[in-house]
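Please read this briefing alongside the sequence and the coordinates.

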Amino acid sequence: MIPDESILENVREMAEIAKRFDADNIRFFGEVVSSNPEPNCGVDIIVDMERNKVSESSIRALEAAFEKLLGRLVGVKTPDMFLPPIYDDIIMREVVHLEPLLNQSTDHLRETHLDAVIIEKRLEILALAKRCGLINIRL
């Protein structure tokens, strides 16, 4: 999935903010990239920063800058803040990188987001039909 529209409209500004804080490789995870996020849900972000630049105050300042831009709660982490198995699980399953979003139009991203939601909903319906014995397919 890709992040919701409020993020898609601000990807370039987010990249600029990250650059000001010597952060890069922005990745989204959590509810904001789920198939059905709550309106104005919090935004969970992973960024890469040099270890000597990471401090509680630098992370809080980066969160505040993102929150001001997006108008919603933002949580920022670096990979070192996760326990390795948790980080690997997040990266493998749900993380969405900001960089590819920078090269696409907002309209295209909106269409991609809607297509992904439709596909996911169709798969949920098929799985439900299979569990109810209405169809016999392998998902």
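In this predicted model, Ser58 has a relative accessibility of 14% and therefore counts as buried, since the cut-off for that class is under 20%. Ser58 belongs to helix α3, and, once residues up to four places away in sequence are set aside, Ser58 touches Phe21, Met49 and Lys53.

**Other buried positions**

- Thr78 sits in the loop that runs between β3 (74–77) and α4 (84–93), and its relative accessibility of 5% places Thr78 in the buried class.
- When residues up to four places away in sequence are not counted, the contacts of Thr78 are Ile46, Val47, Met49, Val54 and Ile59; Met49 is also among the residues that Ser58 touches.
- Leu70, like Ser58, is located in helix α3, and at 11% relative accessibility Leu70 counts as buried.
- Leaving out neighbours within four places in sequence, Leu70 is in contact with Ser6, Ile7, Asn10, Met14 and Val43.
- The C-alpha atom of Leu70 is separated by 10.0 Å from that of Gly42, a residue 28 residues apart from Leu70 along the chain.

**Packing of α2 against α3**

- In general, a pair of packed helices is described by two quantities, namely the angle between their axes and the distance between the axes.
- For helix α2 (residues 11–20) and helix α3 (residues 56–70), the packing angle is about 160° and the axes are 10 Å apart.
- Because angles over 145 degrees fall in that class, α2 and α3 are roughly antiparallel to each other, and the crossing of these two helices is right-handed.
- On the α2 side the contact involves Glu13, Met14, Ile17 and Ala18, and these meet Leu62, Ala65, Phe66, Leu69 and Leu70 on the α3 side.
- Sorted by residue class, this contact of α2 with α3 comprises eight nonpolar residues, no polar residues and one charged residue.

**Backbone positions with positive phi**

- Asp22 is not a glycine, yet its phi is positive, at about 55°.
- Asp22 is found in the loop between α2 and β1 (23–29), and a relative accessibility of 43% makes Asp22 partly exposed, as this value lies between the 20% and 50% limits.
- Asn25, a residue other than glycine, likewise has a positive phi, which is near 55°.
- Asn25 is part of strand β1, and with a relative accessible area of 36% Asn25 is partly exposed.

**The chain as a whole**

- The secondary structure of the protein chain consists of six helices and four strands, and these follow one another along the sequence in the pattern α-α-β-β-α-β-α-β-α-α.
- Of the 139 residues in the protein chain, 35% count as buried.
- Among contacts in the protein chain with a separation of 6 or more, 68% are between residues 24 or more positions apart.

Definitions and conventions
Residues numbered from 1 in each chain as written. Predicted model: local features only at pLDDT ≥ 70, side-chain atom pairs only at ≥ 80, totals over all residues. Heavy atoms only, no water. Buried < 20%, exposed > 50% of the residue type's maximum accessible area, 1.4 Å probe, protein only. Contact = heavy atoms within 4.5 Å. Axes fitted to C-alpha atoms, helices over the stretch in contact; angles between N-to-C directions. Parallel < 35°, antiparallel > 145°, perpendicular 65-115°, else oblique. Left-handed = near helix turned anticlockwise from the far one by under 90°. Nonpolar A, V, L, I, M, F, W, Y, C, P; charged D, E, K, R; others polar.
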